[in-house]
Amino acid sequence: MKLRRTMLFVPGNNPAMARDVILYKPDAIMFDLEDAIAVTEKDSARMLTYFSLKNNDYKRENIETVVRINPLNSEFGRLDLEAIIPACPDAIRLPKAETAQDVIEVEKEIAKNEKKYDIPVGTTKMIVAIESALGVVNAYKIATASNRLIGIALGGEDYVTNLKTKRSPGGQELFFARGAIVNAGRAAGIDVIDTVYADVINEDEFIKETELIHQLGFTGKSVIHPTQILLVHKVYRPKDSDVIKSKKIIAAAEAAKKAGIGVIAVDGRMVDEPIVRRAQYILELAKASGLEVEL
Amino acid sequence: MKVTKEVLAGTVESSDVMIKLFPYSGIKIEIKSSVYKQYGRHIRTLIEDLLCSHSITDVYVVVNDQGALDYVIKSRLLTALARGCEEFAIKWEVKK
Amino acid sequence: MKNAESKEKDNLVTYCGEFSKEEVFTMSRLPRANRLNRSKVSESLEAVILKSGLKNGDTISFHHHFRNGDLTVNKVMEIISQLGFKNLCVAASSFTEAHTCMIDYIKNGVVSRLETSGCRGKLAEAVSNGLMKEPMIIRSHGGRAAAIESGRLQIDVAFLAVSSSDEYGNANGVGGKTNCGSLGYAMVDATYAKTTVLLTDTLVAYPNYPLSINQRQVDFVVIVDEIGDPNGIMSEATRFTRNPKELLIAKNAVKAIENTANFKDGFSLQTGTGGAALAASRYIKEVMQAKNIKGSFILGGITKSNVEMLEAGLFTRILDTQCFDLAAVSSLGTNIDHVEIDAGMYASMYNKGSVVNKLDYVILSALEVDINFNVNVITGSDGVIRGASGGHSDTAAAAAITIIVCPIIRGRLSTIVERVQTIVTPGSSIDLVVTEIGVAVNPLRADLEDLLTKAGLVLMSIEEMKEYAYRLVGVPDKIDYLDQVVAIVEYRDGTVIDTIKQIKA
């Protein structure tokens with residue numbers, strides 16, 4: 001079960017960051033070839049990201065590798081996939097999806113490259129980002145457009161611009177989008193990632209926002225600075241009581257399996273499959289939280 | 001293959017390398033590095049090998065290195081070559 | 001007189017006037033006229049140098065308490081050079097970026113030998129490139145004090161900048177316009193130098209207090225316009241880091257400390273400079289507060305972080321040998337529990353017991369550590385002098401637990417190497433090496449392994465650390481040296497632990 005509490009954005013053109021990130025242990029790294037990279041440097045970022053993926057052992061630290069490509073309707077998107085797929089990232093993130101067709105187009109292009117490089121078709125997963133009002137409207141269709149999808153994310157900055165408003169501390173302007181995306185993601189059975197918080201210095205506001213989205217049901221959050229990683233992980237650390245409960249549930253599930261009994265009971269109540277999965281998830285979170293060094 | 005335009009790739013930030021290519025007759029490589037004593041010779045060999053494996057015969061390479069790892073040097077050099085040569089074919093290879 | 005005559009036969013000398021024997025029966029260089037005037041203040045530095053007894057070939061000394069803001073060395077050397085002195089040995093407590101002027105004096109033959117704890121910048125590069133015929137002598141702080149105390153290093157004239165002095169030479173580093181705090185190094189020089197010259201920009205009424213340097217030790221007091229640049233005291237090394245890597249290393253180091261036996265009421269601590277070492281101070285404070293542990297003393301070069309721990313009641317006393325920032329200077333001047341000590345008391349092996357012998361924990365940086373745990377803090381991996389021996393080998397030898405904190409690589413350079421360029425501190429003094437990827441325990445301290453594993457630290461061998469680093473950066477070429485020795489590194493006891501050769505240009 002892969003945790004996705006944090007997705008650290010790293011500009012694809014920065015050699016120092018590509019290495020240093022391993023140290024900070026986010027659950028996932030997203031190499032950005034899109035908005036963080038100037039038009040004149042797209043080729044450079046693409047090349048460096050290709051090499052970074054091939055030469056750094058992110059897997060050893062259990063860090064998921066994601067690459068945000070340029071939209072396919074730009075001159076860069078296809079070139080990005082051609083270079084990145086052979087470098088075997090875990091997932092491709094496509095920005096600014098508005099329709100299911102956007103997802104299908106990218107999936108086709110990924111499959112084409114997998115075939116070209118003799119990679120089993122379907123290996124590379126996808127994450128899709130919603131960054132506009134239309135995208136929010138089509139969220140469920142987008143979230144179910146491909147089997148490769150493992151997550152749906154919110155791109156807050158572009159979204160509020162599309163709404164013709166600005167971001168604010170309370171986040172009211174994002175309320176509908178967040179709700180819609182969590183709903184769509186969960187209905188589709190995939191993870192849900194919240195948008196970045198740009199003010200790195202303002203830790204208190206960041207923690208407040210993280211607590212909010214945690215409560216809303218998000219799997220995790222995109223982050224832009226290493227210090228934000230531990231703050232998010234702290235918010236996502238499960239309560240001791242939840243951990244104890246979860247241990248009971250897993251123990252009961254294992255006992256039932258051993259005894260060949262189909263029904264799992266905990267404290268006299270029947271417990272079904274989703275609850276067991278949730279318990280596993282809580283224990284994964286607990287394990288990850290326990291192993292961490294706090295900053 | 002020749003380099004036909006003056007181009008550059010990379011930056012002078014720490015852990016990066018800035019590579020400038022100039023049209024030239026033959027191969028000339030000039031290296032400035034923050035770790036010249038420890039890796040200067042190795043960097044030169046790395047660049048020579050890469051130029052050779054891509055059949056580049058004519059270029060003046062100016063390297064300003066801030067302690068970039070090998071794969072970063074390769075990356076910046078290939079980016080510069082793709083920018084500076086007509087019809088430079090980049091061969092992407094699958095990660096093993 | 002009959003009695004007097006027989007007494008003279010037994011080598012006893014007859015009294016013949018109140019001040020008749022003063023010229024021979026005194027250490028002082030001061031002419032008699034000045035003593036009767038009850039003031040040692042001299043009109044000019046030039047006049048003082050001429051009266052000091054300085055000769056060609058002599059050894060002069062300076063301290064470095066004003067760090068990069070030091071103005072004294074330049075002032076004094078300019079006059080000495082103008083007066084035509086030659087072949088002097090300059091035995092400063094350390095050379096900083098402020099001592100680049102020495103290069104010209106060396107080229108002109110004014111100075112022919114250097115003795116120091118450390119050397120940086122252009123002077124260091126020049127020495128590494130063969131500037132001097134005689135090798136530079138590098139000693140630890142304790143080693144320098146011991147050399148002076150034992151007479152191996154004989155200082156002829158000490159030129160000591162002080163923040164305030166009275167007319168008779170009672171001086172300190174806290175009572176003036178420009179304060180440097182502790183005069184730990186200067187105090188040793190003042191005690192043992194043949195002639196002691198104080199320079200100050202703040203003359204106070206007699207008698208001055210506190211008495212870091214006292215009148216018994218002082219020959220001359222010279223008033224100058226400006227004794228040093230107060231902003232130069234704050235060195236780069238004392239800024240609190242936000243670098244997540246350094247914070248992670250610091251956290252690991254403190255986790256190790258927390259889980260060893262010495263961490264209990266009454267423990268003592270020293271943290272060196274460098275991002276991770278200073279960050280460790282902050283985390284130790286948190287842990288002490290959480291576990292309600294009160295320490296006995298903090299030792300060494302003192303920073304704001306240390307002062308905060310004292311003020312929070314976490315330690316009883318600070319024993320201060322030099323102040324690294326203005327917060328430390330201010331605290332020394334006002335807090336009775338912030339105590340100034342001299343370099344001999346701090347770390348000398350020669351006297352009857354220095355404070356390092358009472359240290360529980362010391363956290364130190366390193367430029368390089370090799371697979372035998374030897375530490376280099378004086379030369380870069382390119383072989384050029386760029387650091388200081390400082391208190392490293394003193395504290396490492398004596399502390400109960402010695403922890404090195406360092407990143408596994410710096411840019412493309414591995415910190416963990418096969419063999420260090422220069423050994424300053426021998427591996428037997430080092431207990432733990434803490435990096436961002438894990439902790440290496442010296443096999444001599446296998447007793448610590450279980451404790452640290454239980455604490456949740458990742459242990460690895462020092463060879464594994466080296467392999468990890470070399471896999472990332474590639475194995476570096478060896479540095480080419482010439483045969484010429486440009487510096488001799490003395491261990492605390494005066495023996496030669498390593499030499500530094502001239503680098504190939």
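What follows is a short walk through strands, helices, surface and charged pairs. Please keep in mind that this is a predicted model.

Let's begin in chain A, with its barrel. Eight strands, in the order β1-β2-β3-β4-β5-β6-β7-β8, close up into a barrel with parallel pairing. Going from one strand to the next, the twist averages 25°. Strands of a sheet pair through backbone hydrogen bonds, which can be arranged in parallel or antiparallel fashion. For a closer look, pick strand β6 (residues 149-154) of chain A, which runs parallel to strand β7 (residues 191-194) of chain A and is joined to it by 3 bridges. Here Gly151(A) has Asp191(A) in β7(A) as its bridge partner. Keep Asp191(A) in view, as we will return to this residue.

Now turn to the helices of chain A. Helix α1 (residues 15-24) lies across β1 (6-11) and β2 (28-32) of chain A, and runs at about 160° to β1(A). Another helix of chain A, α9 (residues 203-216), holds Leu212(A). Together with Phe175(A) and Leu216(A), Leu212(A) forms a nonpolar patch on the surface, and the three share about 280 Å² of accessible area. Is Leu212(A) buried or partly exposed? Leu212(A) has a relative accessible area of 36%, so it counts as partly exposed.

Next come the charged pairs. Over all chains, the structure holds 51 salt bridges. One of them brings us back to Asp191(A), which forms a salt bridge with Arg4(A), with 2.7 Å between the closest N and O atoms.

The side chains of Asp70(B) and Arg412(C) meet in one, at 2.7 Å from N to O. Asp70(B) belongs to helix α2 (residues 70-84) of chain B and Arg412(C) to the loop between β19 (409-410) and β20 (413-414) of chain C, so this pair joins two chains. Asp70(B) is partly exposed, with a relative accessible area of 22%, whereas Arg412(C) is buried, at 2%. Back in chain A, salt bridges with shared partners join Asp32(A), Glu34(A), Asp35(A), Arg68(A), Lys96(A), Glu131(A) and Asp158(A) into one network.

Our last stop is helix α7 (residues 141-150) of chain C. Of its 10 residues, 9 are buried, so this helix is largely enclosed by the rest of the structure. Among the buried residues of α7(C) are His141(C), Arg144(C) and Glu149(C). What do the buried residues of α7(C) pack against? Their partners in chain C are β2 (59-61), β3 (88-91), α8 (184-192), β13 (315-323), α13 (343-347) and α14 (392-398). Just after α7(C), Gly151(C) takes a positive phi of about 90°.

Notes
Residues are numbered from 1 along each chain as its sequence is written. Chains are lettered from A and ligands numbered from 1 in the order in which they are written. This is a predicted model: local features need pLDDT of at least 70, side-chain atom pairs count only at pLDDT 80 or more; totals for chains, interfaces and linings use all residues. Side-chain values use heavy atoms; hydrogens and water are left out. Two strands pair if DSSP finds at least two bridges between them. Helices (H or I, at least four residues) and strands (E, at least two) are DSSP runs, numbered from the N terminus. Axes are lines fitted to C-alpha atoms, for helices over the stretch in contact, and angles run from 0 to 180 degrees between N-to-C directions. Contact means heavy atoms within 4.5 Å. Patches are made of residues with over 30% relative accessible area and no salt bridge: like charges are joined within 9 Å, nonpolar side chains (Val, Leu, Ile, Met, Phe, Trp, Tyr) within 5 Å. Accessible areas come from the Shrake-Rupley method with a 1.4 Å probe; for residues, only the protein chains shown count as cover. A salt bridge is a side-chain nitrogen of Lys or Arg within 4 Å of a carboxyl oxygen of Asp or Glu. Buried means under 20% relative accessible area, exposed over 50%, partly exposed in between (1.4 Å probe, protein chains only).
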